[in-house]
Amino acid sequence: MNDSIGEFLVSARSFAEYEAFFDLGPDDLGGSVLDCPGGGASFTATAASRGVDAIAVDPAYAEPPAEVAARVRAELDRGNAWVTARTSRYEWGFHRDPESLTRGRTESARSFAADIAAHPERYRFGTLPDLPFADGAFDLVLSSHFLFTYADRLDRDFHLAALRELHRVARGQVRVFPQVDQAGGRLDNLVEELVRAFAEDGVRAERRRVPYEFQRGADSMLVLHSPGR
């Protein structure tokens with residue numbers, strides 16, 4: 001079985017998923033939040049509806065909102081087919097079964113499409129490792145299912161440059177999930193090498209367990225702390 005999903009997937013994860021795999025509590029969302037890359041996730045839409053100052057950034061947002069939304073809808077089939085063909089690699093607790101996963105992601109894509117059409121200012125074009133934001137622009141920076149997930153094509157130097165850029169725009173924490181690749185392969189050596197590199201930069205980095213596991217073994221996030229945190 002081919003263990004590459006192909007092109008980078010523009011996925012549509014939900015606010016509830018973000019809460020779980022980033023272990024988010026009410027205190028974490030009291031300031032400004034960046035989702036990078038945001039893809040077709042409904043996190044920004046839901047967070048903004050709850051009064052959170054949330055922005056998403058993604059290369060996909062170079063296209064008009066209607067085209068981005070159409071791409072996200074098309075990507076649902078590709079993502080769902082990938083998971084359905086590999087159900088034994090996943091823990092079916094949070095999502096219960098493939099049908100529940102599909103329904104949740106479809107609803108998330110709808111919420112994203114409505115919000116990017118109504119509030120395009122929340123969705124900024126940008127690519128790692130060069131984001132269009134000032135130093136310390138966000139209290140919290142979240143990054144899911146890009147770094148480490150695509151370690152088959154993003155090397156160690158890219159990971160380090162991207163993480164440093166995420167840390168640059170954060171005045172609080174950076175949280176990155178998961179720490180396995182798209183096939184569920186563990187990346188302990190890469191993660192530990194990056195932790196050491198940040199230690200040399202004077203930045204505390206830690207691996208922290210989270211109350212979420214979908215890919216087997218993907219139950220922790222990487223946290224980068226800003227000075228004094």
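Q: Is serine 32 buried or exposed?
A: Serine 32 is buried, since its relative accessible area is 6%; buried means under 20% relative accessible area, exposed over 50%, and partly exposed in between, with a 1.4 Å probe and protein chains only. The model is predicted, so local features need pLDDT of at least 70 and side-chain atom pairs count only at pLDDT 80 or more, whereas totals for chains, interfaces and linings use all residues. Residues are numbered from 1 along each chain as its sequence is written, and side-chain values use heavy atoms, with hydrogens and water left out.

Q: Which residues does serine 32 touch?
A: Leaving aside residues up to four places away in sequence, serine 32 touches Asp53, Ala137, Phe138, Asp139, Leu140 and Arg171. Contact here means heavy atoms within 4.5 Å.

Q: And which strand does serine 32 lie in?
A: Serine 32 lies in strand β1, residues 32-35. Strands (E, at least two residues) and helices (H or I, at least four) are DSSP runs, numbered from the N terminus.

Q: What is the bridge partner of serine 32 in β2?
A: The partner is aspartate 53. Strand β2 covers residues 53-58 and runs parallel to β1, with 4 bridges joining the two. Two strands count as paired if DSSP finds at least two bridges between them.

Q: How many residues of β5 are buried?
A: In strand β5 (residues 170-177), 7 of the 8 residues are buried, which leaves the strand mostly covered. Strand β4 (residues 138-144) runs parallel to β5 and is joined to it by 6 bridges. One of the pairs links phenylalanine 138 with alanine 170 in β5.

Q: Changing topic: what is the volume of the largest cavity?
A: The largest cavity has a volume of about 350 Å³, and the structure holds 1 cavity of 30 Å³ or more. On a 1 Å grid over the protein atoms alone, a cavity is a set of points where a 1.4 Å probe fits but cannot get out; a pocket is an open set with protein on both sides within 12 Å along at least five of seven lines, and lining residues have an atom within 4 Å of a point. Grid points are joined across faces, edges and corners, and a volume is the space filled by probe spheres set on the points.

Q: Which residues lie nearest the centre of that largest cavity?
A: Of its 25 lining residues, Leu9, Arg13, Val83, Arg105 and His145 lie nearest the centre. The elements that give two or more residues to this lining are α3 (65-84) and α4 (98-118). Helix α3 gives the most, with 6 residues.

Q: How much space lies in the largest pocket?
A: About 420 Å³ lies in the largest pocket. It is lined by 27 residues, and the closest to its centre are Phe8, Pro37, Asp58, Pro59 and Phe146.

Q: Where is proline 37 placed?
A: Proline 37 is in the loop between β1 and α2. A cis peptide bond joins cysteine 36 to proline 37, with omega about -5°. Another cis bond runs from leucine 128 to proline 129, with omega near 10°.
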